[in-house]
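I opened the notebook to look up how two chains meet. The entries follow the order in which I checked things.

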Amino acid sequence: MVITDDPVAPATELELLSRAREGDAQAFCLLIEPLQTRLLRQAAALSGDLNASDDLVSETLVEAWKSLARYDATCRLSTWLYAILLHRHQKTIRRARSRPISLASLADFEMAALQERQQNLPTPESSPDDAATRRESFVQLCRCIEQLPQKHRQVVLLRFFEDAPLPDMAAVLGCSVGTVKSRLHHALEKLRKMKMNLPDLKGDKQI
Amino acid sequence: MKWLSNECAHHRQQICLLVSGELPEAERGEVENHLTECADCRKYHDELKSLAAPLTSWERYFSGVKPNEVQQLRWANAIKAESESKPSFSLAKRFVAADVSPLHSKSTKVGADSRRLLRFGGSVRGISWKTFAPLFVMRVVWNELIWPVRRIWAGLAVAWVFIAIVNHNLSDGRPVAMAKDAKPAADMFLAWREQEWVLAQLMGKAEPTVIEPPKQSAPQPRSERRTVSNA
């Protein structure tokens, strides 16, 4: 990402972070450049719309730039960005008064486009039917996550979509590690019960 | 519904952490031993594992999603535009929210904020740290004097309200003469003399009396007194 004509000397993440905190936008762009792909995928998984995910990432990065002074490095930068992404997404949903997370609608209109893109990529599934089954189970699981309370949904998304360790989740959510463990336990328990009530997912053990 | 034993209930949370990949190595052996012994917990573990499997591999469903150069340029421009605009009030709030003097802390994030604020001096010359000094003082007072002993302050406020209510109820109210619509004293005197004259007329003791207003008590200046005596 290039925003100015000045060449940037290669620097470590800490140097970039300190420069960005002092107001160097170019250093901030260099800092977040390796995280953009994953952030866009996370936004696509949350919003279910590629255009909306583009706007969501843009809002997230601007918000992160504005509040970079609040980042105290108690968690990974990617986790912090994902927490901002979650917050912005919730804010967008509240503003639009739409469904809490339209990730499940991915199956209807965006998944087809994604599937078309993925046709040229090596897929881990052994057969197209297997891939479709897995995708369907993933979409149904996302529907279940949508129905979780916000505090439980946050820990599930942070743990599995951001791969954040427990201390990072505690730092981002502003609670103790024990609270995060408890929330994760209750969230998985609720997901398990929801999945048990779904008849088409009961025989999904091989996934 | 089958009730869980205490041991199983204890291990359920650890099984969740095991499935999530966040169980420490030291506790893993204990949980795995329990799983070999308890069929219910083993079933629970298998269900959670099948539940978490699609979630842990979520990214492969989005492997085709990658930011292109146009998107990256747009994001960079958004950040650049934000950095070139004048600092928002949220920056000012963080400026105030710091517990240290912002201009003298060069190694902290507050110092970075302050330097950032000062660097924008060309566009926001009116804003300086003195602008936020009252808010800073109010915050320090709130944090150091009020909030730590907030219950005492709340008790004092309640006592003050109670005393004010009791004082209001026990007071005699406003005197009549001090009321805004009360007549002046001279008018009252004239009205009384007039009533006295009417009563005397009715009783046949009427005498033509001239009702004169009482003398004004305003003192005469010394200069005028002297002229009268000379005359």
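I count helices as DSSP runs of H or I with at least four residues, numbered from the N terminus. The model is predicted, so I note that local features need pLDDT of at least 70 and side-chain atom pairs pLDDT 80 or more, while totals for chains, interfaces and linings use all residues. Residues are numbered from 1 along each chain as its sequence is written, chains are lettered from A in the order in which they are written, and side-chain values use heavy atoms, without hydrogens and water.

**Entry: one residue**

I looked up B:Arg74 and found it in helix H4 of chain B, residues 69–84. B:Arg74 is partly exposed at a relative accessible area of 35% (between 20%, under which is buried, and 50%, over which is exposed; 1.4 Å probe, protein chains only). Leaving out residues up to four places away in sequence, B:Arg74 touches A:Asp54, A:Asp55 and A:Ser58 (contact means heavy atoms within 4.5 Å).

**Entry: the interface**

I read 64 residues from chain A and 46 residues from chain B in the contact. The two chains bury about 5,500 Å² between them, and 64% of that is on carbon and sulfur atoms (accessible area, 1.4 Å probe, lost on being put together, summed over both).

**Entry: salt bridges**

I found six salt bridges between chain A and chain B (a side-chain nitrogen of Lys or Arg within 4 Å of a carboxyl oxygen of Asp or Glu). A:Arg192 forms a salt bridge with B:Glu47, with the closest N and O atoms 2.5 Å apart.

Note on methods: Helix = DSSP H or I, 4+ residues; strand = E, 2+ residues; numbered from the N terminus.
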